[in-house]
Amino acid sequence: MIRKRADKGDAGAISFLGSLYEKEKLGLVKDVPRAIELWTAAVELGSIDAHCQLGLAYYYGRGVEEDKPKGIHHWQQATMDGHALSRHMLGVAEHEIGNYQLAVQHYMISAKMGYERSLNEIKDMFKDGLATKAQYAEALVGYRDAVEEMRSPQREEAKRLSV
């Protein structure tokens, strides 16, 4: 089914297929260059998930030569369309180079989108004295509100079934 959708130009299916090649899933042989090729095609079709995956590949040099600015560029493109993981990764990049206030800002936005890893980063930064109590409190409230807003009977049922 995934291949059929990818063959018809479905950006989401193409991006997902790239991830399957990268992670060696569903019987596919690990082929990171193929994953990069698929993600690049998906980006051209508008996939923000593919932007995030390319960001990870370039930033960390997974299957391509490490190119941190190119990785950051892909994350920036995805964040413009509201991609929480890409926003989180911009925080990680800023944190790595010591831009803690900018990192907190990225994590705050991502936490308010319901991304738990960002909330945990802010908590850790608060413990280390790199974020304020007010920032952590704001992140907690924003995260809680986002999670509550996304709650639905269908999602609760899916969780119960471990889907």
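The following dialogue works through the features of a predicted model, from the overall fold to single residues.

Q: Which secondary-structure elements does the protein contain, and in what order do they run?

A: A fold is first read as a list of its elements. The protein has 10 helices and zero strands, and from the N terminus the order is α-α-α-α-α-α-α-α-α-α. The C-alpha trace spans about 50 × 40 × 25 Å along its principal axes.

Q: What share of the residues counts as buried, and what share of contacts joins residues at least 24 apart?

A: Burial is judged by relative accessible area, with under 20% as the limit. Of the 163 residues, 41% count as buried. As for contacts between residues at least 6 apart in sequence, 41% of them link residues at least 24 apart.

Q: Into which domains is the protein divided, and how far apart are their centres?

A: The assignment gives domain 1 as residues 1-70 and domain 2 as residues 82-162. Their C-alpha centres are separated by 25 Å.

Q: How much area do domain 1 and domain 2 bury between them?

A: The size of an interface is often given as the accessible area lost when the parts come together. Here domain 1 and domain 2 bury about 530 Å² between them, and 62% of this area is on carbon and sulfur atoms. On the side of domain 1, Cys-52, Tyr-59 and Tyr-60 lose the most area to domain 2, together accounting for 63% of what that side buries. Counted by contacts, seven residues of domain 1 touch seven residues of domain 2.

Q: How many salt bridges and how many residue pairs in polar contact are there between domain 1 and domain 2?

A: Charged and polar pairs are counted separately. Between the two domains there are zero salt bridges, whereas two residue pairs are in polar contact, both at pLDDT 80 or more. The element that gives the most to the side of domain 1 touching domain 2 is helix 4, with six residues.

Q: What span does helix 4 have, and what span is expected?

A: The end-to-end distance of a helix can be set against the value expected at 1.5 Å a residue. Helix 4 covers residues 48-60, which are 13 in number, and reaches 18 Å from its first C-alpha to its last, close to the expected 18 Å.

Q: Is helix 4 mostly covered or mostly open, and against which helices do its buried residues pack?

A: Helix 4 is mostly covered, with 10 of its 13 residues buried. Among them are His-51, Cys-52, Gln-53, Tyr-58 and Tyr-59. The buried residues of helix 4 pack against helix 2 (11-23), helix 3 (32-44), helix 5 (68-79) and helix 6 (84-96).

Q: What is found at the start of helix 4 and just after it?

A: The ends of a helix are examined residue by residue. At the start of helix 4, a side-chain oxygen of Ser-47 comes to within 3.4 Å of the backbone nitrogen of Asp-49. Just after the helix, Gly-61 adopts a positive phi of about 70°.

Q: Is Ser-19 buried or exposed, and why?

A: Ser-19 belongs to helix 2. Ser-19 counts as buried because its relative accessibility is 15%, the limit being under 20%. Apart from neighbours within four places in sequence, Ser-19 is in contact with Trp-39 and Gln-53. Gln-53 is one of the buried residues of helix 4.

Q: Where is Gly-9 placed, and which residues does it contact?

A: Gly-9 is in the loop between helix 1 (2-7) and helix 2. Its relative accessible area is 35%, so Gly-9 is partly exposed. With neighbours within four places set aside, Gly-9 contacts Ile-14 and Leu-45. Gly-9 and Leu-45 are 36 residues apart along the chain, and their C-alpha atoms are 7.8 Å apart.

Q: How many salt bridges are counted, and which residues form them?

A: A salt bridge requires a side-chain nitrogen of Lys or Arg within 4 Å of a carboxyl oxygen of Asp or Glu. By this rule there are six salt bridges. One of them joins Arg-5 and Asp-10, with an N to O distance of 2.4 Å. Arg-5 is partly exposed at 49% relative accessibility, and Asp-10 is partly exposed at 24%. Another joins Lys-68 to Glu-66, whose closest N and O atoms are 3.8 Å apart. Lys-68 is partly exposed at 31%, as is Glu-66 at 48%. Arg-144 and Asp-145 also meet in a salt bridge, at 3.0 Å from N to O, and Asp-145 is partly exposed at 38%.

Definitions and conventions:
Residues are numbered from 1 along each chain as its sequence is written. Side-chain values use heavy atoms; hydrogens and water are left out. Buried means under 20% relative accessible area, exposed over 50%, partly exposed in between (1.4 Å probe, protein chains only). Helices (H or I, at least four residues) and strands (E, at least two) are DSSP runs, numbered from the N terminus. The expected span of a helix is 1.5 Å times one less than its number of residues. Contact means heavy atoms within 4.5 Å. A polar contact is a pair of N or O atoms within 3.5 Å; within protein, one must be able to donate a hydrogen and the other to accept it, and residues adjacent in sequence count only if both atoms are side-chain atoms. Domain bounds come from an automatic or database domain assignment. Buried area is the accessible area (1.4 Å probe) that two parts lose on being put together, summed over both.
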